[in-house]
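Here is a short briefing for a reader who is new to this structure. Please keep the sequence and the model at hand while reading.

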Amino acid sequence: MKENHEPSDVEDYLTCISESSYLMHNFSDRLNAAIRSKKTPALVGLDPRFDWLPAEIVSAAEAKHSSKADIVAAAFEEFCFRMIDVVAPLVPAVKPQAAFFEEWGPAGCAALQRVIKKAREAGLVVICDAKRGDIGSTAEAYARGYLAGADPESAIWAADCLTVNPYLGSDTLEPFVKVAVERGAGIYVLVRTSNPGAGTFQDRQTDGHTLYECVAAVVNDLALNTTGEGNYGAIGAVVGATYPEELSQLRALMPHAPLLVPGYGSQGAGAGDVAGAFDTEGLGAIINSSRGINFAIRKAPYSEKYAPEEWEQAVEAATHDMIADLAEHTPAGNLQ
Ligand SMILES: O=c1ccn([C@@H]2O[C@H](COP(=O)(O)O)[C@@H](O)[C@H]2O)c(=O)[nH]1
């Protein structure tokens, strides 16, 4: 693939920044240190859904607030804070899903901001899943707003990393790459998503290559040019666990890109499906589960073992089970 990828301004730009001292704060180096320290690539998504929240959290929010948006935002914040308290000792990173917070306007956005801050203070790497992307000059505003990287004071949203939509073209990735490298932050570019209709556009072929392979080639170039101490760059790829063959193919096509792999658990993928995402050390990928951890109490075996008010114990047990599952069935076992 790489030989078909035409040189671009992105590459010229990367030649300049590759000597920058900012690379000492490389996102992948920080993420891999966290993965090694927790001995697992399990990533907990923070996807609060009001109808599924514990009753005590909802009643406490209702007692303090009158508008629906304020009630929901307060409940989301409390739920996520308590999720963070449970999972921070166990996993390297969390992924708040911005959509659930944005739905509730300014109150929801303020809650998201505090959740990100709390997660960072708990020592977690924070990946904000907001799937941003726009023409270059606008993309830069997104990048400046979300990407704080090594210094949490450098951006309002203060995330370590942001998910990015590449549909507008490789030039629109440039501002994200620039800000990420300057601040020691990272981005995960959508390459092969986990949804059932992912292939509608992503599998379309041009000159014998699918669209997702073309995006993967660009991502790997960006990753290669933003490596720090280790093999992986600050620019990674989102690749769904629900397409295991493509996941293994993309691991090989993007040897320098860290992978963010959603689809484990509630979307049906298991540990065997994500084994191909890792290198032999058990690095190179983080595996996300959101509903399966957040709302473990709603499903067997946790619903049988714990009372509804013991939902945090269910979260803890589900996180331990995911960690053990990945350790047993994937190269992540080599981290133990
Ligand atoms: O291809 C993609 C990209 C992002 N997501 C997001 O990940 C979580 C998955 O949640 P589960 O409850 O574990 O299914 C969610 O926030 C999605 O928006 C994805 O699923 N697939």
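Thr210 is buried, with a relative accessible area of 8%; the cut-off for buried is under 20%. Thr210 belongs to strand β7. The model is a predicted one.

**Around Thr210**

- Leaving aside residues up to four places away in sequence, Thr210 touches Gln202, Asp203, Arg204 and Gln205.
- From Thr210 to Met322 the C-alpha distance is 32 Å, and the two are 112 residues apart in sequence.
- Met322 is one of the buried residues of helix α15.

- Strands of a sheet pair through backbone hydrogen bonds, either parallel or antiparallel.
- Strand β9 (residues 259-261) and strand β10 (residues 285-289) run parallel and are joined by 3 bridges.
- In that pair, Val261 of β9 stands opposite Ile287 in β10.

**Strand β5 and its partners**

- How many of the 7 residues of strand β5 are buried? The count is 7 of the 7, so β5 (residues 186-192) is largely enclosed by the rest of the structure.
- On one side, 4 bridges join β5 to strand β4 (residues 161-164), and the two run parallel.
- Cys161 stands opposite Gly186 in β5.
- To get from β4 to β5, the chain passes through helix α8 (residues 174-183). This β-α-β crossover is right-handed.
- Strand β8 (residues 235-239) is also a partner of β5, with 5 bridges and a parallel run.
- Val189 stands opposite Ala237 in β8.

**Helix α15**

- The buried residues of α15 include Trp311, Ala314, Val315, Ala318, Met322 and Leu326. Ala317, Thr319 and Ile323 are also among them.
- An α-helix has 3.6 residues a turn, so residues three or four places apart point the same way.

**Aromatic pairs**

- The count of aromatic pairs comes to 6.
- One of the pairs is Trp52 with Phe295: the ring centres are 5.2 Å apart and the planes stand at 85°, so the pair is edge-to-face.
- Trp52 lies in the loop between β1 and α3 (55-64), and Phe295 lies in the loop between α13 and α14, so this pair ties together parts that are 243 residues apart in sequence.
- Phe295 is buried, at a relative accessible area of 4%.
- Phe76 and Phe101 also pair: their ring centres are 5.8 Å apart with planes at 80°, so the pair is edge-to-face.
- Phe76 lies in helix α4 (residues 68-87) and Phe101 in helix α5 (residues 98-102), so the pair ties together parts that are 25 residues apart in sequence.
- Both Phe76 and Phe101 are buried.
- Trp52, Phe79, Phe295 and Trp311 form a cluster, linked by ring pairs. Trp311 is one of the buried residues of α15.

**Backbone details**

- Ala300 and Pro301 are joined by a cis peptide bond, with omega at about 5°.
- Pro301 sits in the loop between α13 (291-294) and α14 (302-305).
- Lys131 is not a glycine, yet its phi is positive, near 45°. Lys131 lies in strand β3 (residues 125-132). Its relative accessible area of 37% makes Lys131 partly exposed.
- Asp207 is not a glycine either, and its phi is positive at about 50°. Asp207 is in the loop between β6 (205-206) and β7 (209-210). With a relative accessible area of 73%, Asp207 is exposed.

Methods. Residues numbered from 1 in each chain as written. Predicted model: local features only at pLDDT ≥ 70, side-chain atom pairs only at ≥ 80, totals over all residues. Heavy atoms only, no water. Buried < 20%, exposed > 50% of the residue type's maximum accessible area, 1.4 Å probe, protein only. Pairing = 2+ DSSP bridges. Right-handed = clockwise from strand over helix to strand, strands pointing away. Phe/Tyr/Trp six-rings, centres within 6.5 Å; stacked < 30°, edge-to-face > 60°. Contact = heavy atoms within 4.5 Å.
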